[in-house]
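Here is a short report on one protein chain. Look at the fold first, then read on.

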Amino acid sequence: MNHSIRTVGLGIAAILLSATATAHPSTGGGLIIPLYPQGTIGSLGVAEIRERLNKSGDTMVRNVSEPTLELFRPAPGRANGTAMIVAPGGGFVGLDYNAGGTAVARLLAQRGVTALVLKYRTIRSAPDPMQLPEVHGREMDTVMARAKSGVPAEIPRFAGEQQALQDGSRAMAIVRQRASEWGVDPRRIGFIGFSAGAFLAADLAIGDKAFRPDFVALLYGGLRTPVPADAPPAFIAGAADDEYQPNDAVQLYTAWRQAGAAAELHVYERGGHGFDLKPKGTTSDHWFDELVWWMRSRSLVGQASDHPK
């Protein structure tokens with residue numbers, strides 16, 4: 001089967017459908033922090049590709065061999081001691097680096113949160129953004145079939161998921177190690193993921209205690225089990241018209257609650273797969289405000305009046 005754009009999903013489809021991609025050398029923004037010393041992890045053997053999409057202006061990053069954190073700090077005097085790592089989506093093939101990364105990080109920083117965008121490793125793909133890896137095409141066949149049948153209950157692990165989990169664990173360790181340097185409480189480090197990034201966030205939340213975030217936000221992500229009783233509090237959001245994962249938000253919430261762990265669920269009538277900060281005219285446009293309200297209820301951010309508009 002020729003795995004064309006119709007089978008692309010999990011954070012990459014809407015991006016590639018928006019426009020033809022063109023080369024873009026850099027994102028600008030925060031301090032870049034490598035996750036590993038140079039030469040200590042394997043390379044894909046090809047250059048990293050960074051593409052700007054003509055219509056949306058978003059940036060897609062592919063063929064990531066050198067994972068990094070990009071640090072966005074609050075304005076002087078506004079840091080509240082909370083940090084959050086932001087993991088963009090892209091099916092573990094690419095990273096929607098702006099819409100699911102830096103844009104969210106900047107907004108968090110405005111609310112006093114020290115935010116770090118995680119550029120985690122991806123699987124290898126061709127220079128042509130419309131020519132996706134065969135393994136991802138097979139993965140998306142499974143995802144699409146499951147969306148109709150509900151079987152299997154849990155999407156099988158993706159080809160790039162384990163490496164991304166290693167990078168997420170490393171990122172958590174680095175932020176905890178440097179917490180005092182950045183004015184962060186090491187017990188208030190969260191992780192927000194979008195689509196594939198939300199799978200990564202769930203993996204961290206149910207995995208090794210040494211690398212678990214203190215709270216997580218799972219945006220249009222998928223079920224990962226088993227959820228332990230001491231899993232971190234979770235903010236879970238998805239849309240009922242998500243063509244890839246119409247029921248996963250509810251499944252995640254159910255798994256968290258059955259384990260006895262704290263969770264809050266938002267399922268929007270419309271929003272599709274990949275609602276982010278760009279307005280769509282649906283109730284999903286308000287997910288970030290609802291996330292902040294949830295964080296405020298847990299004393300992770302201050303009152304609205306404490307932050308700039």
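The second largest pocket is lined by 14 residues, and Tyr36, Gln38, Gly39, Ser65 and Glu66 lie nearest its centre. Its volume is about 240 Å³. By class, its lining has 6 nonpolar, 7 polar and 1 charged residues. Ala, Val, Leu, Ile, Met, Phe, Trp, Tyr, Cys and Pro count as nonpolar, Asp, Glu, Lys and Arg as charged, and the others, Gly among them, as polar. A pocket is an open set of points on a 1 Å grid over the protein atoms alone, with protein on both sides within 12 Å along at least five of seven lines; a cavity is a set of points where a 1.4 Å probe fits but cannot get out; lining residues have an atom within 4 Å of a point. Grid points are joined across faces, edges and corners, and a volume is the space filled by probe spheres set on the points.

This is a predicted model: local features need pLDDT of at least 70, side-chain atom pairs count only at pLDDT 80 or more, and totals for chains, interfaces and linings use all residues. Residues are numbered from 1 along each chain as its sequence is written, and side-chain values use heavy atoms, with hydrogens and water left out.

The structure holds 1 cavity of 30 Å³ or more. The two spaces are set out below.

| Space | Volume | Lining by class |
|---|---|---|
| Largest cavity | about 50 Å³ | 5 nonpolar, 4 polar, 2 charged |
| Second largest pocket | about 240 Å³ | 6 nonpolar, 7 polar, 1 charged |

The lining of the largest cavity includes Tyr220, Asp242, Gln245 and Val267. Strand E11 (234-239) and helix H7 (248-258) are the elements that give two or more residues to this lining. Helices (H or I, at least four residues) and strands (E, at least two) are DSSP runs, numbered from the N terminus.

The protein chain has 8 helices and 12 strands. Of its 309 residues, 57% count as buried. Buried means under 20% relative accessible area (1.4 Å probe, protein chains only). The largest nonpolar core has 83 residues, and Leu69, Phe191 and Trp256 have the most contacts inside it. The largest share of this core, 9 residues, comes from helix H6 (residues 196-206). Such a core is a set of buried Ala, Val, Leu, Ile, Met, Phe, Trp, Tyr and Cys residues joined through side-chain atoms within 4.5 Å.

Why is H6 largely enclosed by the rest of the structure? 11 of the 11 residues of H6 are buried, so the helix is largely enclosed. Its buried residues pack against several elements, among them strand E6 (83-87), helix H4 (161-177) and H7.

Arg212 lies in the loop between H6 and strand E10. At 10% relative accessibility, Arg212 counts as buried. Leaving aside neighbours within four places in sequence, Arg212 is in contact with residues including Met172, Arg176, Leu204 and Asp230. Contact means heavy atoms within 4.5 Å.

Strand E3 (residues 49-53) is also largely enclosed, because 4 of its 5 residues are buried. E3 runs antiparallel to strand E4 (residues 59-62), joined by 4 bridges. Strands pair if DSSP finds at least two bridges between them. Ile49 stands opposite Arg62 in E4. Arg50 is found in E3 and is buried, with a relative accessible area of 16%. Arg50 and Tyr97 are 47 residues apart in sequence and 9.3 Å apart in space, C-alpha to C-alpha.

How values were computed: Buried means under 20% relative accessible area, exposed over 50%, partly exposed in between (1.4 Å probe, protein chains only).
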